[in-house]
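Biologist: I have a new model to read. Can you walk me through some of its features?

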Amino acid sequence: MARSVPGIILAAGASSRLGEPKLLVNVGGTPLVRWAYENLKTAGCEPIIVVTRAELSVDVLLAVPDAIVSINPHPEAGRTGSLQNGISSLHSELGRLPRKVVMAPVDRPGWNASLVKALTGHDESVCPIHQGRKGHPVVLNGDDLERILSVSSATPLRDIVSFKEVTVHGPWLHLNIDTPESLSNLQEDAAELHAYFLR
């Protein structure tokens with residue numbers, strides 16, 4: 001039986017441009033953090049860590065009571081720092097470094113469980129690509145996880161990992177919920193998105 005692939009949801013951003021916590025944005029009545037968690041769970045990911053900032057930890061647990069919450073004490077340092085936090089939390093949870101991990105930023109929701117399954121079948125670090133556009137989530141292998149842990153938290157992920165591109169059906173990979181306009185567009189496309197997410 002194949003070993004479960006752990007998941008990390010990055011949800012520690014300040015959401016300064018959006019004006020409200022991204023992880024609590026509702027799509028069809030479901031907060032983005034719960035949506036990401038449920039899709040990773042459906043894809044077979046276990047355990048799943050949600051990395052957030054201290055002031056949002058209660059909100060995360062209310063939205064996803066089963067989540068393992070990891071607090072990033074320095075979220076202003078950037079996404080790589082949150083990823084390092086999540087990897088370290090998984091190491092503590094499992095007692096070892098995972099062979100691979102799915103990493104999903106909460107503000108990039110244009111994927112579904114089927115897309116995750118297509119990515120986790122690869123041994124190397126991979127990212128999805130649809131019609132020339134790359135996106136999230138990504139899968140990180142063990143060697144790259146060690147490399148991520150060894151660098152400064154300010155180092156961009158693209159400077160650490162060389163991803164192999166995996167062609168997927170992902171027409172919503174471009175979604176990036178970071179401004180009121182992007183949120184408005186998300187709500188307008190909610191019905192079509194919902195149909196895609198259920199595939």
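Modeller: We will take the cores, a strand and a lysine in turn. Keep in mind that this is a predicted model.

Biologist: How do I read a nonpolar core, and which residues have the most contacts inside the largest one?

Modeller: In soluble globular proteins, nonpolar side chains tend to be buried together. Here the largest nonpolar core has 36 residues, and I9, L40 and W111 have the most contacts inside it. Elements giving two or more residues to this core include β1 (7-11), β4 (48-52) and α4 (113-120). Helix α1 supplies the largest share, 6 residues. There is also a second, separate core of 17 residues, with L83, L90, L145 and V161 among them.

Biologist: Why is β4 called largely enclosed?

Modeller: Count its buried residues; the cut-off is under 20% relative accessible area. For β4, 5 of the 5 residues are buried, so the rest of the structure largely encloses this strand. I48, V50 and T52 point one way, I49 and V51 the other.

Biologist: Which strands pair with β4?

Modeller: β1 runs parallel to β4, joined by 5 bridges. L10 stands opposite V51 there. β5 (residues 68-71) also pairs with β4 in the parallel sense, over 4 bridges. In that pairing, I49 stands opposite I68. From β4 the chain crosses through α2 to β5, a right-handed β-α-β crossover.

Biologist: Is K41 buried, partly exposed or exposed?

Modeller: Partly exposed, because its relative accessible area is 40%, between the 20% and 50% limits. K41 lies in helix α1 (residues 32-42). Beyond its neighbours within four places in sequence, K41 contacts E46 and I48. K41 and A113 are 72 residues apart in sequence, yet their C-alpha atoms are 8.1 Å apart in space.

Technical notes
Residues are numbered from 1 along each chain as its sequence is written. This is a predicted model: local features need pLDDT of at least 70, side-chain atom pairs count only at pLDDT 80 or more; totals for chains, interfaces and linings use all residues. Side-chain values use heavy atoms; hydrogens and water are left out. Buried means under 20% relative accessible area, exposed over 50%, partly exposed in between (1.4 Å probe, protein chains only). Contact means heavy atoms within 4.5 Å. A nonpolar core is a set of buried Ala, Val, Leu, Ile, Met, Phe, Trp, Tyr and Cys residues joined through side-chain atoms within 4.5 Å. Two strands pair if DSSP finds at least two bridges between them. A crossover is right-handed if, with the strands pointing away from the viewer, the path from the first strand over the helix to the second runs clockwise.
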